[in-house]
Amino acid sequence: MSGIMRSRVERRLEPHYARLFAYAVALSRDRDGAQDVFQECIARALDARSVPETEPAFRAWLFAILRNIWIDQSRSRRRRSDLEQEFVTDLVPAPVAPETVLVDAFSVRQAFTRLSTEHREFLALVDISGFSYEEVAMMIAVPKGTVMSRVSRARRALASHLGDANVVELAGHREGRK
Amino acid sequence: MTENDLDPDILSAYIDGELEPEEASRVARLIASDEAVARRAAKLSEMKAAVAGMAPEIVVVTVPRPRPASRWMLSFAAGACASLLLFAVAWFGLARVPAGLPGDAAVRDAVLEHAAWIGGSFTPPMLPASAPADVFAPEMIAAGLTPAFARETSLNGEAALHTGYVGSSGCRLSLFRIARPDAEHDFGMSSDDGLLHASWSGDAASFLLVARGMDEARFALLAGALKLASERDGGGKQKIIASLGAMRKPCIG
């Protein structure tokens, strides 16, 4: 890539740094690991022979690069079967109705780190990175309906962890559901 | 549709603004009519906001913010929108006014009043720091909307109170309270080329909510929350409105 092209891509990358790094943290659960994935992603984007022209496609392309790097690194650290197991395992202890839990920033952060990789990823893409369901579906090659159900499932899992952490429930609601 | 019929995936998608307008409207009606569903929606909205709010804590890189449009551009756009709206309303009338709700003429007058505010045709008096008790101006600051004024007006010949809310991203929301006891009827919402209006009635008054260019899911959730707050025992439901922080999207048009 020429120097002019490279600086042009650099300028296009800058607005995405924050959410890209947040996505890396959400996937890897630690800042050091996220930093490695993030740096590698930026390097690969700058070395790319061609980049998508439109902004939505550019953004999706960037996040897909980061995701692939993270998957590659994870594979090298452990067997693929372990990774797949984590993707399909629902770590939710017991179903909890979302409306019965108390939400505060600290509890949410704690609960988020206890989510499965899949759940963290979907919430990071939709809530933190601001992608639409359609964009997420294209990025990770699943149907849009699957994105919808997985985001919903991730929120229920988050609510369960919040319920587990807080134990406090809004008075009266349980009685009303009997 | 009842609370038990509402698929959690649908409610979650509603919070994300991912439903088609017709389905979003169905969910909005359920939120307005069923407090348990409203609480579920508010809690999901809170969780979404909390997860989104984690980004600054885990991010070390600063993000350059897009430059806001100039005041001149905003004024021009608002004026052009108001002119176009007035022209369209004058010639074609409003399509798809929900049946059984405050009549077409009242909706038309409310839309005109809202357009006149956006277009700067009248300078409304500012609300005092604490609104008088008889002014229905629910707290919506957590949802990114600040009450800007309340003024008496007339909708289809009936006295009404117009409360204007201003959002930090340029949204303008008009709430009209018509002091007319009416038979209670269902919540209705309509969207027509970016113009959104919702209406409902309570024991002592009817209400109309108008906005232009607002995200439909946000408008529906605000309308549902306002309906709950406008009910006789609505004071305790302010928390629902206060938990709408996640539904902040700029208005377009």
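## Chain A: overall make-up

Of the 178 residues of chain A, 37% count as buried, a residue being buried if 20 or more other C-beta atoms lie within 10 Å of its own, exposed if 12 or fewer, and partly exposed in between, with C-beta atoms placed from the backbone. This is a predicted model, in which local features need pLDDT of at least 70 and side-chain atom pairs count only at pLDDT 80 or more, while totals for chains, interfaces and linings use all residues. Residues are numbered from 1 along each chain as its sequence is written, and chains are lettered from A and ligands numbered from 1 in the order in which they are written.

Chain A has ten helices and zero strands, where helices (H or I, at least four residues) and strands (E, at least two) are DSSP runs numbered from the N terminus. Residues 24 or more positions apart account for 77% of the contacts in chain A with a separation of 6 or more, two residues being in contact if their C-beta atoms, placed from the backbone, lie within 7 Å.

At 1.5 Å a residue, the twelve residues of α2 (residues 17–28) of chain A should span 16 Å, and the end C-alpha atoms are 16 Å apart, which agrees; the expected span is 1.5 Å times one less than the number of residues in the helix. Just after α2(A), R29(A) takes a positive phi of about 70 degrees.

Just after α7(A), G130(A) has a positive phi of about 80 degrees. A positive phi, of about 55 degrees, also occurs at A141(A), although A141(A) is not a glycine. A141(A) is placed in the loop between α8 (133–140) and α9 (144–166) of chain A, and with 8 C-beta neighbours inside 10 Å it counts as exposed.

## Chain B: order and confidence

Chain B contains eight helices and six strands, and from the N terminus on its elements run α-α-α-α-α-α-β-β-β-β-β-β-α-α. Of its 253 residues, 45% count as buried, and among contacts in chain B between residues at least 6 apart in sequence, 63% join residues at least 24 apart. In the loop between β1 (145–155) and β2 (158–167) of chain B lies N156(B), whose phi is near 50 degrees, a positive value in a residue other than glycine; with 15 C-beta neighbours inside 10 Å, N156(B) counts as partly exposed.

The mean pLDDT of chain B is 69, and 57% of its residues reach 70 or more, pLDDT being the predictor's confidence in each residue, from 0 to 100. Confidence in chain B is lowest in helix α5 (residues 71–92), at a mean of 38, and highest in α1(B), at 93. Over residues 59–101 of chain B the pLDDT is below 50, and beyond near neighbours in sequence this stretch has 49 contacts in the model.

## Where the chains meet

For the complex, the predictor gives an ipTM of 0.72 and a pTM of 0.52. In this model, 26 residues of chain B are in contact with 29 residues of chain A. On the side of chain B that touches chain A, α1 (8–15), α3 (35–52) and α4 (55–58) each supply at least two residues, and the largest share, ten residues, comes from α3(B).

In soluble globular proteins, nonpolar side chains tend to be buried together.
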